[in-house]
Amino acid sequence: MAEAARLAPTLDRPTWILAYRQTAARGRRGRAWSTPPGNLNATLIFRPEATAAEAAKRSFLAANALYAALSIYVPAEKLSLKWPNDVLLSGGKVAGILLESSGQGPFVDWLSIGIGVNLRHTPENVTNASFPPTSLTAAGGWEVEIGDFLATLADAYATQEAKLLRIGFDRIRDDWLANAARLGEVITARTGREEITGTFDTIDKDGNLVLITGTGPRAIPAADVFF
């Protein structure tokens, strides 16, 4: 993603950047991200002609694309999508998504979507994760080369962008909810200020997590989810 930001001013079309090795990988909120060789570390950078809020919804497009790509190599029933931006495989975290953007006007100048997928190796010595990491091969999936998986993922993401353009975010949202982890069940969302427990009801038109609590519905824009 650092390389994507460096190259952004020079790019005139959507571009995927693939790293075979990373020395300073990071996840959400600055957390460290382990990247053993053989796993996917890629960033898509482009200009979406969107406000910051609209650009942020691309995390759901990326999650849908990851679900579609991974389901080619492992049974789809083993996969689920965890709000806001993780993919679970047999209950373990197999992929994560990180968005970054830049812009001073009404639209973002560029958006980068960073995607990490544990294809061949499960990161070791991860002791503080809410959901233990797993990998495609550890869960019995097919072995796949990084470049081949990226080609599959890029095609799936392009399909999501076409759906967004022609049908709108409601279709993206419906597709995401169809594969959501723990929909209709009690989960906990931890923000920087509070812990909210309730029934996972939906995500709204802005992508917020909606929990039904004892005091009524709560729309949560950002949090870590536990169940």
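This is a predicted model: local features need pLDDT of at least 70, side-chain atom pairs count only at pLDDT 80 or more; totals for chains, interfaces and linings use all residues.
1. Let me start with helix α4. Its buried residues are I146, F149, L150, T152, L153, A156, Y157, Q160, E161 and L164. An α-helix has 3.6 residues a turn, so residues three or four places apart point the same way. With that in mind, have a look at how I146, F149, L153, A156, Q160 and L164, which are among the buried residues, are spaced along α4.

2. The length of α4 checks out. The helix runs over residues 146–166, 21 residues in all, and at 1.5 Å a residue it should span 30 Å; the end C-alpha atoms are 30 Å apart, so the two figures agree. After α4 comes G168, which has a positive phi, near 105 degrees.

3. Next, the open sheet. Five strands make it up, in the order β10-β9-β8-β7-β11, and their pairing is antiparallel. At the edges sit β10 (216–220) and β11 (224–226), each of which pairs on one side only. On average, neighbouring strands here are turned by 45 degrees against each other, if direction is ignored. Strands of a sheet pair through backbone hydrogen bonds, either parallel or antiparallel.

4. Inside that sheet, how many bridges join β7 to β8? Five: β7 covers residues 186–190, β8 covers residues 195–203, and the two run antiparallel. To find your place on screen, go to I187, which stands opposite G198 in β8.

5. K82 deserves a comment. This lysine belongs to strand β3 (residues 79–82). Is K82 buried or exposed? Its relative accessible area is 7%, and the cut-off for buried is under 20%, so K82 counts as buried. Setting aside neighbours within four places in sequence, the contacts of K82 are L88, F131, W176, V225 and F227.

6. Now the whole chain. The protein has five helices and 11 strands. Its radius of gyration is 17 Å, close to the 17 Å that the globule rule gives for 227 residues, so the protein is as compact as a globular protein of that length. The C-alpha trace spans about 50 × 45 × 30 Å along its principal axes.

7. Of the 227 residues, 50% count as buried. The protein exposes about 11,400 Å², and carbon and sulfur atoms supply 50% of that area. Among contacts with a separation of 6 or more, 62% come from residues 24 or more positions apart.

Technical notes: Residues are numbered from 1 along each chain as its sequence is written. Side-chain values use heavy atoms; hydrogens and water are left out. Two strands pair if DSSP finds at least two bridges between them. Helices (H or I, at least four residues) and strands (E, at least two) are DSSP runs, numbered from the N terminus. Axes are lines fitted to C-alpha atoms, for helices over the stretch in contact, and angles run from 0 to 180 degrees between N-to-C directions. The radius of gyration is taken over C-alpha atoms; the globule rule is 2.2 Å times the number of residues to the power 0.38. Buried means under 20% relative accessible area, exposed over 50%, partly exposed in between (1.4 Å probe, protein chains only). Contact means heavy atoms within 4.5 Å. Accessible areas come from the Shrake-Rupley method with a 1.4 Å probe; for residues, only the protein chains shown count as cover. The expected span of a helix is 1.5 Å times one less than its number of residues.
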